[in-house]
Amino acid sequence: MARWSHLLRRGASYYARMRVPLELVEIVGKKELVKALGTKDETVAKRLLGSVVRQWEQDFDDLRARRTMTDDDKAHATWQHYTAVLERDEQTRQQMPTSADIDGETRAMFERARRGEVSSADPLAILDATLDVQVKKRARELDATARRVKLDIMRKHLVEGENALISHEVDDYTQQNGLLVDDKNPDWQDTARSMMRAEIEALERTLERDRGDYGGTPRDPIVKPAAGTARETAAPGETIMELFAIYERENPNQIKADTLAQARRDVGLFVEYVGSTFPAHRIDKKAAREWKALLLQYPVKATETKAFEGMKLAQIVKHNETVKKPTISTTTVNRYLSGFSAFCTWLTNHGYLTVNPAADMFLKKSREKKGKTFTVDQMNTLFKSPFFTGCQSDDAPRFWSKPGNVKIRDHRYWVPLIMLYSGARPAEIAQLGIDDVRQEHGHWIMHITTEGDGDKSVKTDGSMRVVPVHPELVKLGLLEYHTDMKKRGEKRLFPLAERNERGQMIADFSRDFPRYLTKIGLKEGRGLSLYSFRHGATDAWRRAGLLDEQFGYILGHTSATMTQRYGTLPQGMLEQRVELVHAIVYPGLNLTHLC
């Protein structure tokens, strides 16, 4: 069953909860976030849970992205402040009263006196009447004096390390750019001094303008146009994940839902690195290259490992230098790059990027044989182990390796055996319907298809095929099991086989089976898995002297030739398929104790 670790039930009501990452606890002010989902229905709660968790994760990403003030930020803040002071000065000059304004104010004053609104016997009335005229006449002089006074004070504060006149400007910049630094942070203090030097330079320029000189440039070497890229955030509706949602809806390549979900996780892992507000048009080769470098050091099943709980990509990689978990394979790195690259192609096609930054980033695959197969001795050991002969309990994997009287006879028992004698994929077998196993022209066959009842899927259209039932499976009782399920009124051959929240069929068993192999001493590290049975069937055909192209269609492998697109009948007549399946033989394998 799926693990809903962020779902909390209190009484009859459901809540979302999430632990705050350790490095953000001080900033957030609590160790755990809890939010009422407003429902007592578990199904509704699970549906609402995803959006709440995603928002919290985005908030955490935003906080992480804000923590570091870079040298580029400081340089940008300094130059931005210099130009802003000069822009404000120019606006003030343009709003200064002209000679016409002063003459107009003077005429208005005399008109008020003529109408008797100003009495010569009242000194205060006379002062009030002339004040507006005097303010307009001296506006430029008063403004220049204020700037000279501020320049003197700024120079004094720079020497004394006082930030009173600049602190609000630094705080405004850090807030606008999402930088989590305060006045006690050395980066904040360094930026304050740089911005003070920028304002001193700007005030000197304004005094030069008072003399009609607009050609001055900064003499202070720190006050210069920023060479780096200013911190930029995505426009509303154009964050990377918001654009991915559009890509997901369009699904231009018509890929399967599970593959699309995997692409979302791939792109999400890239967003973990660059930050949730990173603009899509800023994705470049450098960002893709640095992300790939982290992937090459990314541990296997990092999100399921307690040692990395609450951490993001870069933190996980750093922490793994200490815990030293095995890292993902070249194939897995390429899988991440594949989902990301397909999305970047869409961004390029829609004008967000000019080129795909992930192009030519893929790693060369090893030429070594990929699939590891069981030896006959290993299979004899496996099929005589408690999982197949009798264990303590079938409820939890930890009981599978302990001898007992409980016999597992559901999909977990049959999938490995059917794979062994058919080469079919585990999900293809687990989703079989009762009507998919039937007699055709005197032969029992398994019809691997998306047709019929239930939620079925295949890897590609070419994966739909007919696979005869091997005689060894008949001896083991598969047809009796099929009859029993049919009598019970079941629509599916393996009714207990389930898809996880990602839509993957028997994903839990596929994960638990290699762990069982480790427990009984057949596996150490990577290697053997459920798919080893599929590789074993392949080797059995090769031992029988068959070429790959002669049996590939039984495995569901197809090449996109034009000929294959014509007609409706599957390749290979039924009798030929029967001969192929009968050629799967494992000399020395003894399964009589299971019959």
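Me: In this predicted model, which residue in β2 does L8 stand opposite?

Reply: L8 stands opposite Y15 in β2. As a general idea, the strands of a sheet pair through backbone hydrogen bonds, and the pairing may be parallel or antiparallel. In this structure β1 and strand β2, which covers residues 13-19, run antiparallel and are joined by 4 bridges.

Me: What is the order of the strands in the open sheet, and which are the edge strands?

Reply: The sheet is open and has 3 strands in the order β1-β2-β3, paired in antiparallel fashion. Its edge strands, each pairing on one side only, are β1 (7-10) and β3 (32-36), while the twist from one strand to the next averages 35 degrees.

Me: How should I read the packing of two helices, and at what angle do α3 and α7 pack?

Reply: Two packed helices are described by the angle between their axes together with the distance between those axes. Here helix α3 (residues 71-94) packs against helix α7 (residues 186-210) at an angle of about 30 degrees, and their axes are 8 Å apart. Because angles under 35 degrees count as roughly parallel, α3 is roughly parallel to α7. The crossing in which α3 passes α7 is right-handed.

Me: Which residues have the most contacts inside the largest nonpolar core?

Reply: That core has 60 residues, and those with the most contacts inside it are L382, F383, W414, F533, W541 and Y586. Helix α15 (residues 411-420) contributes the largest share, 7 residues. Leaving aside neighbours within four places in sequence, F383 is in contact with residues including F388, L417, L420, F533 and H593. Another core, of 36 residues, lies apart from the largest one and has Y247, L313, L353 and A358 among its members.

Key:
Residues numbered from 1 in each chain as written. Predicted model: local features only at pLDDT ≥ 70, side-chain atom pairs only at ≥ 80, totals over all residues. Heavy atoms only, no water. Pairing = 2+ DSSP bridges. Axes fitted to C-alpha atoms, helices over the stretch in contact; angles between N-to-C directions. Core = buried A, V, L, I, M, F, W, Y, C linked by side-chain atoms within 4.5 Å. Buried < 20%, exposed > 50% of the residue type's maximum accessible area, 1.4 Å probe, protein only. Contact = heavy atoms within 4.5 Å. Parallel < 35°, antiparallel > 145°, perpendicular 65-115°, else oblique. Left-handed = near helix turned anticlockwise from the far one by under 90°.
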